[in-house]
Amino acid sequence: MKISLKSRIVSVFAVTAIAGTVMVGAPTVASATPQCATANFVTSCAGVGADGAPYTFIAPANFNGTVFVYSHGLRPAIAIPATLGVPLGFGGAVPVSNAAEPAPRAAEGDMSVITKLVGQGYGVAGSGFSRQGVNATEALAANKELIATFKTKFPTTKTVIAWGQSLGALHAQMLAEKNPELVDGVILGCPAANPQNALMAFFGDSLYGFKALFDPTIKVGGYSTDPVIRQQEQLLNIQKILVVLGKLGAEIANPVAASTWPDTASPAGKALAAAGIPARSALLTVGLMAGAGTRSENVDGTSAPSAATAETYPLAIAPALAVLQNMGKILNYGTFLIADGELLAGGKVYDNTATDYAARVAADADLFGFALSGNTAVAAILGAINATPREKADPAALAKVPALIGLSGKIAKPTIVFQAENDPFVPAAIVQWYNDSYVEQYAAEKMKAMEEAKKNRNYVAPKNNLITLWAKTGAKYSTFTATGAPNLSAKAGPGTGHCLWTSAQWLAAADLMLATLKDDKRPLGGKIATAARKVGLSYDNKFQVPAFKALG
Amino acid sequence: MTASAVLAVAALTVTTVPAQAFNPRSNEPGITATTIKLGITSPLTGIAAPGYNKIPGAMKAYFDYVNANGGVNGRKITLVSKDDQYIPTTAVAKANELILRDKVFALVGTLGTASTKALTSSTQLSRRGIPSLFVNTGWSGFADKKAYPTTFAILPSYQMEAKIIAKFVKDKYAGKKIALIYQDDDFGRDALAGFKTAGLAFDLAIPYASGAQALPATGAGWITRLKAAAPDVTVMFGVSSATTALLGAAAQGGWVGKTQFILGSVGGDATTIANTSRALVPLLTGAKGLSFAPAPTDSSDEYIKLFQTIYAAAQPSQTFDNNVVAGMSNAFLAVQAIKAAGPKLTRKGLINAIETKGATLANPFLTPLGYSTTSHVGATGYWFGTYNSAGALTPDGGKYTVYTTDSGTGPVVESTYKRPAMPAKGL
């Protein structure tokens, strides 16, 4: 990218300004006009949208007409006290916050994405949205308004790139689907999506399994409509989940079957314990029936703490331990999402009355024979689960879910997706759904183009609009303490964790998108692969992860 | 450009972008005008390694022999071998290395039902169009062409084996008390289905989770239950390490010679047992077993004679046993299949060659091969024998009486199959 001398000077000052993170204070009431301040050739603005959503945007004096509009990921819709915030990994109490985030990593205090983009003449913008939780409706409105406001302030704006992570990626995609005229490109980091309610089922199945076996008082759904009671119910649920996870974790490596079950176990769970079936086998069964990963941030599935356990540990312990670590996120965030989903939809949104858990587990049972304690044990565990009453959704509420968090998955604009192979919370199956849907979409577009060519003897190939980059999971990354315990607080292994993206990875995606828009076609595969490889990602069209189990 | 040319370009583009479907190419990984690279992942270390760890070496010995004689259709074969320790998740990682890093043309001889299922699924062999030749597992599912379009079995299915054992038990031990120990997964599930089809019921059935045989309490638990039931005949349908655990626990529990053991083909490998404890091998004496290949001690068999010669030169310090026969037979069949695919070798062409010509390929086995355009099953029968004190299985009656059947409800019948003569120089 060529930059004039004047632009380079401006860029140097812009970088300096951003590095100092000079931001204007956000107004507290809705206003059509943002409050802006300019220093060192960089204009920073903040305002409040019509529905009260705070927003902010930044652009340099040499603004080149392209702005990146960022949507942040899920924030709980309820305040979380420190007693739960710490074990959940937040580091303390978590207030409900609508603070605006103008770019990836900014919330973590890493301004390098903003610095780099603004330094190159791009604008960045982001809203905090007027409410948290399942907020696709609010996000769509806020993003539309933000783009309009930005264009008013910077009338030379020509190109809008919507990007986001996790639930924010859903917002970015929804903006492109609902208002394609506002968006030129889309970048989705670890995107959440809910095809055929599969994501809701992923969380619900996990919660249901824990309720059926480990604590019958765990809620799967059916939260109060009273906001205070609903909040208390969610926090209590998380407390119970943490207790169960703690007890399972403390004894997961214990080969003595009867001692490994939490004392909160359901009668069905206690019967399984009495039959000598280890709790880890039940835990793994729940993971497999929900589709949870059998590798996690700190469990690679093949390592062992000692030579003596080089085989028994990966075979008997590791798969369940990985599910345990993944469940720490699935169950707790699932509680938030289901509770908020019910609030918005007006009733229960999770339904497993027709789910065939045996079929789901059968697909994986042999791979984890020792950890599951064999087919006979699996049959007993599934029998216990099947004896637990199923959860029935409110049909009217269920019908509203697609409007709340549904996407068609249709790719109408150049789109870059990047995803970790073993994301505990937003499964890679979502990206597989994007890919599979796009294969069908692209084939249909090809057929249509061929039909057109028959009529006018002029074939125009449709553009291939989707680039998928994978963070593939490494082979070995588990570590153990001196006593042989798994180190579950170590740095996450490559290709694991939820949205653990670096600034370099976001910027690589941004560069690829800019190159695509500049040439009106995506870069050649070799260039994509090289750009991905430089930041630890992989471009491999033949790579595929298992589909959502809930999609059948 | 003419309309037809336009459409041809369009049609071509449909098949190539985005690249999500299997698309055979002439310039495929792992193959040049003079070389073919194959890969195997199997347990070279760990609980299943004793015995099984000889398979890649045996395969390589035969490939080297072929290479020294000009290769296959002018191409020399290299074999890349990885150690998966018999752990499915490790097998997946190793298969990924073979495909992505080593860029092998095909996998060959992967071992174990769970490991092979895991790597086949996770590395998307069928989607990538990568052949998986002659997997060393008898799980009947691998014969299903629809489910595993690029995978070919070599062993008879465990359902076939169970049906043949059932006939043997019913013929020889009618009215006796029968016990079964079986691996509680797809391996054992296949066997249970075969026993049920054949109408053999057990007075005692003991399942074990694969891997649990490594725990001392497992074998001890079996003996406790067997002592209580006192069966006349005990069928072990598990892996050799499970047989080792059984024999060890029987010796410790003072329960030697109390039952007639019948060992499934997977569980009767004396090398594996000897590697754990040589003292256990004599406990095999008199046990019944079955195999579909000639006995490794049978030097009168032209294949065994050739294999013994090749292996003695390549691995002079190693014992020639069932695992060596398995590895060399695997390699032999792979060579025959590659040869049948012709000089313009592609992955798709290789698969097609096995489906259309596989049933007639030269091979050492004493039963027919079942490859066809609808089935990927390998050998289809067994002969029975008795173990001696050295752990060698020799055919009952001094000759191979082979029984054949299918994985469904077909009868078990004595085979009339006559193996074709070995190709010149075994090439």
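**Figure 1. Buried residues of helix H5 in chain B of a predicted model****.** In H5(B), the buried residues are Thr113(B), Ala114(B), Ser115(B), Thr116(B), Lys117(B), Ala118(B), Leu119(B) and Thr120(B); a residue is buried if 20 or more other C-beta atoms, placed from the backbone, lie within 10 Å of its own, exposed if 12 or fewer, and partly exposed in between. With eight of its ten residues buried, H5(B) is mostly covered. Helices (H or I, at least four residues) and strands (E, at least two) are DSSP runs, numbered from the N terminus. Just after H5(B), Gln124(B) adopts a positive phi of about 55 degrees. Because the model is predicted, local features need pLDDT of at least 70 and side-chain atom pairs count only at pLDDT 80 or more, while totals for chains, interfaces and linings use all residues. Residues are numbered from 1 along each chain as its sequence is written, and chains are lettered from A and ligands numbered from 1 in the order in which they are written.

**Figure 2. The side of chain B that touches chain A****.** Here 37 residues of chain B are in contact with 32 residues of chain A, contact meaning that the C-beta atoms of two residues, placed from the backbone, lie within 7 Å. Among the elements that each supply at least two residues to this side of chain B are helix H4 (88–101), helix H5 (113–122) and strand E7 (204–208). Helix H1(B) gives the largest share, seven residues. By class, this side of chain B holds 20 nonpolar, ten polar and seven charged residues; Ala, Val, Leu, Ile, Met, Phe, Trp, Tyr, Cys and Pro count as nonpolar, Asp, Glu, Lys and Arg as charged, and the others, Gly among them, as polar.

**Figure 3. The crossing of helices H9 and H11 in chain A****.** The axes of H9(A) (residues 279–290) and H11(A) (residues 357–365) come within 8 Å and cross at roughly 105 degrees. H9(A) is therefore roughly perpendicular to H11(A), a term for angles of 65 to 115 degrees. Axes are lines fitted to C-alpha atoms, for helices over the stretch in contact, and angles run from 0 to 180 degrees between N-to-C directions. Thr285(A), Leu288(A) and Met289(A) of H9(A) meet Tyr357(A), Arg360(A), Val361(A) and Asp364(A) of H11(A). These contact residues comprise four nonpolar, one polar and two charged.

**Figure 4. Asp396(B) in a loop of chain B****.** Asp396(B) lies between strand E12 (393–395) and strand E13 (402–404). Asp396(B) counts as partly exposed because 16 C-beta neighbours lie inside 10 Å. Not counting residues up to four places away in sequence, Asp396(B) touches Phe384(B), Gly385(B) and Thr386(B).

Definitions and conventions
Angles under 35 degrees count as roughly parallel, over 145 as roughly antiparallel, 65 to 115 as roughly perpendicular and the rest as oblique.
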